[in-house]
Each structure stands twice: as structure tokens, then as C-alpha cells.
Amino acid sequence: MKHVPFFRWVVAVGLVLFGSSIAVFLAAPEYPELKQVDLTVLSERSDGTCRVQWEDPYGTGRHEGPYLCDADRSPSLKSPNYQPNIAIGWDSGWVIAEGPDRGELFSPEQEWPGGAWSTASDTLVAVGTLLLAIGVIGGNIRSLSRLSGVSPRVVRLAGRLRGIAARVSEDHARAVRAVRDAWTPLYEEAVRERLERMPVAKLRRAGLVLLPAKELERGGIRSVQDVLDAGTWGVAEASGVGRRTAEKVSAAARRKAAGVRADTTVPLDTDPPGPRTAALLNALRVLVEAGPAARSTAEAGERLAGLLEQQLAAAAPAAGWRRMLDASREQRQGVPAAVAELRTLLLQAERHGDVERFGQVSVDLLRGMDGDPAGLAARVDFESRPAEYYGLLAEVVGAAPPRSAVSAGGTTTGSTAGGPGP
């Protein structure tokens, strides 16, 4: 299930309410501008209700009207103590200083139109502030609980180790591929030469009793390779035999070719070596110099890279706080076990010295890749230890080395490397 950012929405709603309160406050009617005036209290009750008279400061004369006087003002300001002879009192009040109602008496206790707007703005501020507090505090608590499994250093070191382990496997595979790429054209050329020297009459021994050899030779098909090149329809057209006979001839040629491929070997000691042989010797020398442990090291690197890749995928949210926050609950549940497994693999690699071992093998496999095009150094090295070259070639191409290549002393004469079995 994907992570739902609940507290983010709470903060967002709080911000919206906070902004709305500002908008309401700005849109509310402004409190009127006032001017203080003296009031002559004509009559007054104990609760402060009174009738007053005042002089309009804006020149419209005297006015009279009801007002709510200050009931707690000094008794000396009230009737009849203020002026006993005429029984009036004194108070101060406010008149509106602007607009069409200028000069009219304004009582602070009367209902102001902007009061409801102000109340709504205050309410929105209070609710918005509460939601912001809940969202920030709750989000931080939730984030801290979610970030408990973040281990960027472990993930970073494991990723680096996976790259080193994968690189040694790739370097070894590249060196093996170079040997096969150099060996294949030599092997195919040797097979083709043998089949071209093999007369078509030898197919009789392959199980075809009524072989039309003379008809085939007259049609230009003189060797087993010619049969393979012509194919069934070519054999039938060149010799004039029927389709069934032509199919039998082609099948016999394919069986003979399979036997030749299994028995054909590639010589490494040609003197002087041609460009293809020199390329093969150079490719073999890289693996020979890397030593017999290069293959096992590359295999160990491939296994370790696979294990690290699997655990890195499970521990991906632990690479940083942002990725952990965006991860789902199911993804976070697998993080602790994956990080623990990565720590174990890192400790084992450090204990076994895998980083140094993988790095050294990669250097050995890359050394000499762009070396001697003529293969002089490889030729000299081959002559000093031919058995290792032939054994490695047999390991790479899947064929047994010739007996002379593994004889005592390691010297060969006319030694060859065999092709793969049928």
C-alpha cells in the first residue's frame, strides 16, 4: 500500500484556513473614524441609560439623542451634583468623523457591521493554527518513526561492492569472449579446409551405398564441402539425381562434417604465426597471466553481485530520508532485514579481502588488452608453457587439449587445440 501523507494534508488545510482568515480580515468593513465630544446629560437612569445633548464639531448645530452613559463615573459628574440649579450632568462621548453619518453620536456598545467579520477571522486563525500545530508535530513524530531504518552508508558501501564484484565477472567474461572470437575463425577455417580436401566419394562410407559420385563430380560437386555449400536442391540440380537421393547425400555430408568438427584442431605453433593466430595467442595470454584463480574469482564476484543486487533492491528506501518517507509500509517492512543482510555481506567481504582480490584480478584481466598486435610476447610465453595455453583454450572452447600439449616438460611439436564435440 502506498504511503498516504495524512499530516501533510492537515498542514495544507491549516495553511488554507490561515490564509482565509487574512482574506476575511482584509475584506471586513473598517471601524469608523471617531472624534471625542462633551455630552450634556439631560436625564439618566441608574443603569446608565441617559438622554444627552452635544455640539456637532463639524458645524451642524446641537443634537439630542439617547446614549449609554458611564454608570460608574464620579457622582459629582451626575445630576444634580454637577449643576444643581439646572439639574444636568456631564459625560464624554464619540461622534462619527467621516462619511454620510458624520457628526452623529456613536456608541461603542452598538452593533458594528464588521464585528461578525472580525469574529470569523479570529475563528479561522484559531482553527488554522491548531491544524498547523497538529500537522507539524504529528508529521515530525511520524517521520522520525519512519526514518529509523535509514542507513545510507551501508547502502552506499554495498552498492560500491556490487559494482566491483560485477566488474570482475564482466572483465573475465570479456577476456573469455575475446579468446572465443579469436579461435572461432581459425577453427572454422580448419574445418572447411579438411572438408574441401575430402572427396565426395568418401560419403559412401557414411552409410550411402548407391552414391552417384560420378554424377556429382560432373556437376562440379567434388568435395564434402561442395555438398554442404550446394544444399539438397543444389545437389539434385547439379547431378540430376532425384530429390530423395539428394537428401540422402546432404544428410551424409552433414554427418561427415559433424565428425570432422569433433576431430578438427587449431594449431597454435605455426611459424610464423598469422594475424589470427597472433590474436588468439594474445587473448589466451591475458587469461594465462591472470592465473588459474581468475575464473573462480570471477564466479565468486558474480555470485556476490547477485546477492547484493537482491538485497539492495529490498533496502533501496534506506538510501536516504526522502526515499524512506516516500516508501510504502510494505517496502519499509523489508528494509531492516535487507540492511542487516547487507552488513553481513560487507563484513564477509572485508574478512575475505574481496575488494582487493576482485580489483587485482580485474587489473590482471585488463592488462595487455591493447598490447602486441604481432603477438611476439605471447609467442615467447607460449613456447615456455604451451600446456597452460592449450589447457586454457580447451577450458574456454569446451574441447580436450591434444595429448602432446600435456606431455612432460610442456614442449609440443605440431600440437593443436581441438574443436567442440558434435
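## Ground rules

The model is predicted: local features need pLDDT of at least 70, side-chain atom pairs count only at pLDDT 80 or more, and totals for chains, interfaces and linings use all residues. Residues are numbered from 1 along each chain as its sequence is written, and side-chain values use heavy atoms, with hydrogens and water left out.

Helices (H or I, at least four residues) and strands (E, at least two) are DSSP runs, numbered from the N terminus. Axes are lines fitted to C-alpha atoms, for helices over the stretch in contact, and angles run from 0 to 180 degrees between N-to-C directions.

Helix H5 (residues 224-239) and helix H6 (residues 243-263) have axes that come within 9 Å and cross at roughly 155 degrees. H5 and H6 are therefore roughly antiparallel (over 145 degrees). Their crossing is left-handed. Helix H3 (residues 152-197) meets helix H12 (residues 354-366) with axes within 9 Å, crossing at roughly 30 degrees. That makes H3 and H12 roughly parallel (under 35 degrees). H3 also passes H12 in a left-handed crossing. Left-handed means that the near helix is turned anticlockwise from the far one by less than a right angle.

## Salt bridges

The whole structure holds 19 salt bridges. Each is a side-chain nitrogen of Lys or Arg within 4 Å of a carboxyl oxygen of Asp or Glu. Arg73 pairs with Asp91, with the closest N and O atoms 4.0 Å apart. Arg73 lies in the loop between strand S3 (62-68) and strand S4 (89-96), and Asp91 in strand S4, so the pair ties together parts 18 residues apart in sequence. Arg73 and Asp91 are both buried. Buried means under 20% relative accessible area, exposed over 50%, and partly exposed in between (1.4 Å probe, protein chains only).

Two pairs sit within helices. Arg192 and Glu196 bridge at 3.1 Å between the closest N and O atoms. Both lie in H3, four residues apart, about one turn of the helix. Glu247 bridges to Arg243, again with the closest N and O atoms 3.1 Å apart. This pair is four residues apart in H6. Glu247 is partly exposed at 36%, while Arg243 is exposed at 52%. Elsewhere, Arg285, Glu289, Asp381, Arg385 and Glu388 form a network of salt bridges.

## A nonpolar patch

Phe18, Ile22, Phe25 and Leu26 form a nonpolar patch on the surface, with about 430 Å² of accessible area together. Phe25 belongs to helix H1 (residues 6-27). Phe25 is exposed, at 56% relative accessible area.

Technical notes. Patches are made of residues with over 30% relative accessible area and no salt bridge: like charges are joined within 9 Å, nonpolar side chains (Val, Leu, Ile, Met, Phe, Trp, Tyr) within 5 Å. Accessible areas come from the Shrake-Rupley method with a 1.4 Å probe; for residues, only the protein chains shown count as cover. Angles under 35 degrees count as roughly parallel, over 145 as roughly antiparallel, 65 to 115 as roughly perpendicular and the rest as oblique.
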